[in-house]
Amino acid sequence: METNVSYDTALAIVGMAGSFPGAKNIEAFWHNLKTGTKSIRQFSEQELLAAGVSPEILKMPNYVRAGTILEGADYFDADFFGYTPREAELTDPQHRIFLECTYQALQDAAYDVETYPGLIGVFAGSALSPYFVRGLTTGLPLNDVDLVQISVGNERDSLASAISYKLNLRGPSLGIQTFCSTSLVAVHIACQSLLNYECDMALAGGVAISMPQVSGYFYEEGGILSPDGECRTFDAQGRGSVMGNGAAVVVIKRLEEAIADGDQIYSVIMGTHINNDGSVRVSYTAPGLEGQSAVIAQAISNSGVDIETISYVETHGTATMLGDQVELAALQKAFALRTEKKQFCAIGSLKPNVGHLDRASGVSGLIKTSLALKHQELPPSLNFEKTSPDIDVANSPFYVNTSLKPWPQAENPRRAGVSS
């Protein structure tokens, strides 16, 4: 049993909430994950026509009729959160759904913000507002008050601070925007804020909801999107992702205080790290091997744990040939600094289940991993048969977990990593 691992800077996830394709809450989300449920849909011609897709687009050979549906994204209890009907109408569904999730996450953590004596911070990001962009084309008359509310309800800068205003939270309120790593970067910054005692509890997460939800996309050779509406992470047939809709948030506290306060603890965060590739990659949108391996290695180093005790990694897993190849190579390079052991760490990805959740993808993977730790089970990674010849999993520390399997605690605690 390890004796040299320090928990002095450890943090605890004490609450979680989310809205995912095919799952209105984290309980349904876990059920779908463990049963291998796929929530990416193939839309019918009738559905797409009803949503406003033209018959001409439907005839195009590169138009893929696949996507995800976030049930209830068009509903909002405006009165409960102190919105007038007009304010609610002018507010992006991304902001509305994420506000609901933050409230639910605090409820899950069993904290009443009106009686909690500490400072609660908010760290979050959202995708560009298609709701706002589509609204610009409607030609509705707007007065000066409407313009202010449009800005507050739609700009990404206002997401975190609007939540702090509506829920009466007095800790730091930061908008985090780093494209699809947004929500995990938000978690990292939240952790740093807690360790610096800028707040006593932190909400961290992200949201991405595209409107209308019933919509396909155009496939382009070499792009990030799949040609057939299926996401096959690490598989030889992987050709891209399907963009999904979702919102997710976690509540984090310093571990020592969470234990002292008798909080539920889903998982413990031992170490995090962020960096950037700079210009050492093929293009702005391409992944970089050196940067990815460096950030993984440093996060493991910051955690202070024995690398051979890490038995699962939730990957970004875009299912693109280049993305998967670079991500696995980065993991291999980071692990090779500390071990030569093979086939001891399972890997998986959310994307075959729910699609690429964009700004919400990283924290959704963190929630998936935390639920796996809580339930002591590893859910299957879908759509995997064999890797491409360019990915040598057999001679690496990793294997793709394709079935639900027990994840019991052995001599050391169960440990996992999440990559974004």
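Predicted model: local features only at pLDDT ≥ 70, side-chain atom pairs only at ≥ 80, totals over all residues.
## The six-stranded sheet

Let's start with the sheet of six strands. It is open, its pairing is mixed, and its strands follow the order E6-E5-E7-E9-E1-E10. E6 and strand E10 (267–269) are the edge strands, each pairing on one side only. Between neighbouring strands of this sheet the turn is 25° on average, direction ignored.

Inside the sheet, E7 and strand E9 (residues 246–254) run antiparallel and are joined by seven bridges. Strands of a sheet pair through backbone hydrogen bonds, either parallel or antiparallel.

Helix H14 (residues 361–375) lies across several of these strands, namely strand E1 (11–19), E7, E9 and E10. Its direction is at about 60° to E9.

## The four-stranded sheet

A further open sheet has four strands in the order E14-E12-E11-E16, and here the pairing is parallel. Strand E14 (398–400) and E16 are at its edges; each has a single partner strand, so one side of each is left without a neighbour in the sheet. The twist from one strand to the next averages 25°.

Four bridges connect E11 with strand E16 (residues 415–418), and the two run parallel. In E16, Arg415 is the bridge partner of Ile310, and Ala416 is that of Tyr312. E11 also runs parallel to strand E12 (residues 345–348), to which three bridges join it; there, Glu314 stands opposite Gly348. Together, E11, helix H12 (residues 321–336) and E12 make a right-handed β-α-β unit.

## The nonpolar cores

The largest nonpolar core has 63 residues, and Leu203 and Phe335 are those with the most contacts inside it. H5 supplies the largest share of this core, six residues. A second, separate core holds 40 residues, including Ile26, Phe123, Leu184 and Val354.

What does Phe335 touch, leaving aside its neighbours within four places in sequence? Its contacts are Ile300, Ile307, Ile310, Val313, Phe344, Pro397 and Phe398. One of these, Ile310, is the residue whose bridge partner in E16 is Arg415.

## Helix H8 and its cover

Helix H8 (residues 159–167) has the buried residues Leu159, Ala160, Ala162, Ile163, Ser164 and Leu167. An α-helix has 3.6 residues a turn, so residues three or four places apart point the same way. The cover over the buried residues of H8 includes helix H5 (93–108), strand E5 (120–126), strand E6 (173–175) and strand E7 (201–208). After H8 comes Asn168, which has a positive phi, near 60°.

Arg359 sits in the loop between helix H13 (351–354) and H14. Is this arginine buried or exposed? Arg359 counts as buried because its relative accessible area is 7%, under the 20% cut-off. Arg359 and Gly205 are 154 residues apart along the chain, yet their C-alpha atoms are separated by 8.3 Å.

Thr272 belongs to the loop between E10 and helix H11 (289–303). Its side chain makes a polar contact of 2.6 Å with the side chain of His188. Not counting residues up to four places away in sequence, Thr272 touches His188, Cys191, Gln192, Ala299 and Asn302.

Lys405 is in strand E15 (residues 405–406). Lys405 is partly exposed, with a relative accessible area of 27%. Setting aside residues up to four places away in sequence, Lys405 is in touch with Glu377, Leu378 and Tyr399. Lys405 and Thr102 are 303 residues apart in sequence, and 31 Å lies between them in space, C-alpha to C-alpha.

Key
Residues numbered from 1 in each chain as written. Heavy atoms only, no water. Buried < 20%, exposed > 50% of the residue type's maximum accessible area, 1.4 Å probe, protein only. Contact = heavy atoms within 4.5 Å. Pairing = 2+ DSSP bridges. Right-handed = clockwise from strand over helix to strand, strands pointing away. Core = buried A, V, L, I, M, F, W, Y, C linked by side-chain atoms within 4.5 Å. Axes fitted to C-alpha atoms, helices over the stretch in contact; angles between N-to-C directions. Polar contact = N/O pair within 3.5 Å; in protein donor to acceptor, adjacent residues only side chain to side chain.
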